[in-house]
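Visitor: I am new here. Please take me close in on one part and tell me what stands there.

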Amino acid sequence: MKNHIKLVTVDIDGTFVHSDYTYDIQRFRRILSRMKNVGCNFVVASGNQYYQLRDLFPGYYDELSFVAENGAYVKDRKELVFAVDMPKETIDDVIDLCMEYPEIINILCGVDSAYCQRGTVSQEFVALTKIYYHRLEWVDDLKKVKDQILKFALTVPDEKTDFYYDLFSKRLKGKMESTTSGHGSIDLIAPGCHKASGIKRLVERWGISPEQCVAFGDGENDIEMLNYCRNSYAMANAPQNVKNAAKYICPSNEEDGVLVTLDKIFT
């Protein structure tokens, strides 16, 4: 199988890393070396910020490719392949809609940085942002941000995730699409923009096919990717609808499920 596989793509949270955001670096470097020897590319596919993702692979991130911000930002090693550019009118419409519901925490995700409006978040949230946003600026007015905007990352009360997912899907139909990894986290992204669309850009760029791709994921925002890649693995910790989208099930992220499986594929 290993000579047939030309692309391996992994989600990060709940998939590649443990709950404490660690992974077995030495084991992964050994696997990555074997992958490179057979011409296989490793792609990090996440809803997270590019700068946060690359910091997980210090010293060798430029050997990898990234589908960041749920497909809105795609890099082939050092080269930018694609970045969404949202219309200003759409950006302002989303900001206005979020302001109708003060409990929503709205982070504007751009090419250069992420942005949060002052006075809208707690100290606990500030601490959490340091994990997920390695570039974050505090501003007085989100509408005055000067950056190419990729997506909106919203935090809502956990128990209201489905309510807000449905609300945004209806109110922003045709302008933005909602995706969620659950637990109060909702991303608003450009129509047709998701992890699978980002992976497809790399597949076409490299002249390979979905049959030569392996994907690992655990969240609802991984479903398109798991459907697109012919060899797909849902983590044991994934909800049932994500498992239904995958061809195989592998051990959980806490059990190094991705590395265990890749060790078997690239022996």
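Guide: Ala153 stands opposite Asp187, a residue of strand 11. This is a predicted model; local features need pLDDT of at least 70, side-chain atom pairs count only at pLDDT 80 or more, and totals for chains, interfaces and linings use all residues. Residues are numbered from 1 along each chain as its sequence is written, and side-chain values use heavy atoms, with hydrogens and water left out.

Strand 11 pairs with strand 9, residues 149-155. The two run in the antiparallel sense, over four bridges. Strands pair if DSSP finds at least two bridges between them. Strands (E, at least two residues) and helices (H or I, at least four) are DSSP runs, numbered from the N terminus.

Strand 11 covers residues 185-189. Four of its five residues are buried, so the rest of the structure largely encloses strand 11. Buried means under 20% relative accessible area, with a 1.4 Å probe and protein chains only. In a regular strand, side chains alternate between the two faces of the sheet.

Tyr164 is buried, at 1% relative accessibility. Phe163 is partly exposed, at 46%; that class runs between the buried limit and 50%.
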